[in-house]
Amino acid sequence: MSKSLGNGIDPLEVIDKYGADALRLTLVTGNAPGNDMRFYWERVESSRNFANKVWNASRFIMMNFQQNENVDYSQVKKEELTQADKWILSKVNNLAKDVTALMETFDLGIAVQKIYDFIWEEFCDWYIEMVKPRLYSETDDTKGAALWTLKTVLGNALKLLHPFMPFITEEIWQSIPHEGDALIAAKWPEYREELAFKAEESHMESVMD
């Protein structure tokens with residue numbers, strides 16, 4: 001955008017069309033501190049599509065919470081977790097460590113790109129698709145572990161995404177089982193050794209390849 005060229009964009013117009021979260025994500029993604037960036041409407045549309053992806057994945061998870069009210073997922077033992085569960089838990093565990101380190105050095109563009117890639121590719125496109133047969137099964141005894149994993153991963157992903165897309169993440173947070181009140185006041189995810197499933201992570205990546 002240039003004052004001399006008169007091609008400035010009114011941010012309020014962008015917000016009216018695509019939402020504040022889409023604009024925030026666009027301005028942070030792929031931008032290094034101190035560098036100029038070009039404004040493209042296509043990038044805002046991509047950010048809006050990501051918001052829709054997060055919303056639809058969350059609706060699917062919430063629907064399965066409601067349809068499986070009789071399934072106890074409050075206490076899940078380690079041995080009840082499948083390789084897919086351990087893989088995604090390990091991924092979000094490492095993501096929390098990486099994003100925290102990047103935010104401490106103000107590398108916000110890299111931080112949010114890692115969150116974006118994790119949610120879109122690994123959580124939505126891989127884990128949610130892999131877990132569907134377990135959720136739809138009437139006899140699968142790992143359904144409780146699947147629900148617990150979905151709740152844990154979604155909750156941590158929302159916390160990590162919240163600084164960049166506060167409105168949609170808060171809206172989703174208020175609709176899922178959670179501790180405390182507002183997402184903005186929730187405890188920030190921390191790396192946990194008990195969720196570092198190295199062997200399962202390597203196995204799943206080889207299967208995906």
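## Report on an all-helix predicted chain

The protein chain contains eight helices and zero strands, where helices (H or I, at least four residues) and strands (E, at least two) are DSSP runs numbered from the N terminus. The model is predicted, with local features requiring pLDDT of at least 70 and side-chain atom pairs counting only at pLDDT 80 or more, while totals for chains, interfaces and linings use all residues. Residues are numbered from 1 along each chain as its sequence is written, and side-chain values use heavy atoms, with hydrogens and water left out.

Of the 209 residues in the protein chain, 43% are buried; buried denotes under 20% relative accessible area, exposed over 50%, and partly exposed in between (1.4 Å probe, protein chains only). Among contacts between residues at least 6 apart in sequence, 71% join residues at least 24 apart, a contact being heavy atoms within 4.5 Å.

### Nonpolar cores

In soluble globular proteins, nonpolar side chains tend to be buried together. A nonpolar core is defined here as a set of buried Ala, Val, Leu, Ile, Met, Phe, Trp, Tyr and Cys residues joined through side-chain atoms within 4.5 Å. The largest such core has 50 residues, and Phe118, Ile119, Phe123 and Tyr127 have the most contacts inside it. At least two residues of this core come from each of α3 (41–67), α4 (83–104), α5 (108–136), α6 (143–161) and α7 (166–173). The greatest contribution is that of α5, with twelve residues. Apart from this core lies another, of five residues, including Val14, Tyr18, Ala22 and Val44.

Neighbours within four places in sequence being left aside, Phe118 is in contact with Ile88, Lys91, Val92, Leu95, Phe123, Val153 and Ala157.

### The surroundings of Thr169

Thr169 is placed in helix α7 and counts as buried because its relative accessibility is 0%. A polar atom of its side chain lies 2.6 Å from the backbone oxygen of Met165. The backbone oxygen of Pro166 is 3.2 Å from a polar atom of the Thr169 side chain. Beyond neighbours within four places in sequence, Thr169 is in contact with Leu158, Leu161, His162 and Leu183.

### Pocket and cavity

Both kinds of space are found on a 1 Å grid over the protein atoms alone: a cavity is a set of points where a 1.4 Å probe fits but cannot get out, and a pocket is an open set with protein on both sides within 12 Å along at least five of seven lines, lining residues having an atom within 4 Å of a point. Grid points are joined across faces, edges and corners, and a volume is the space filled by probe spheres set on the points. By this rule there is one cavity of 30 Å³ or more.

| Space | Volume | Lining by class |
|---|---|---|
| Largest pocket | about 550 Å³ | ten nonpolar, five polar, six charged residues |
| Largest cavity | about 50 Å³ | eight nonpolar, one polar, no charged residues |

In these classes, Ala, Val, Leu, Ile, Met, Phe, Trp, Tyr, Cys and Pro count as nonpolar, Asp, Glu, Lys and Arg as charged, and the others, Gly among them, as polar.

The largest pocket is lined by 21 residues, of which Lys151, Thr152, Asn156, Lys159 and Arg192 are the closest to its centre. Helices α4 and α6 each supply at least two residues of this lining, and α6 gives the most, with six residues.

The largest cavity is lined by Val54, Ala57, Ser58, Ile119, Phe123, Cys124, Leu154, Ala157 and Leu158. Two or more residues of the cavity lining come from each of α3, α5 and α6.

Methods. A polar contact is a pair of N or O atoms within 3.5 Å; within protein, one must be able to donate a hydrogen and the other to accept it, and residues adjacent in sequence count only if both atoms are side-chain atoms.
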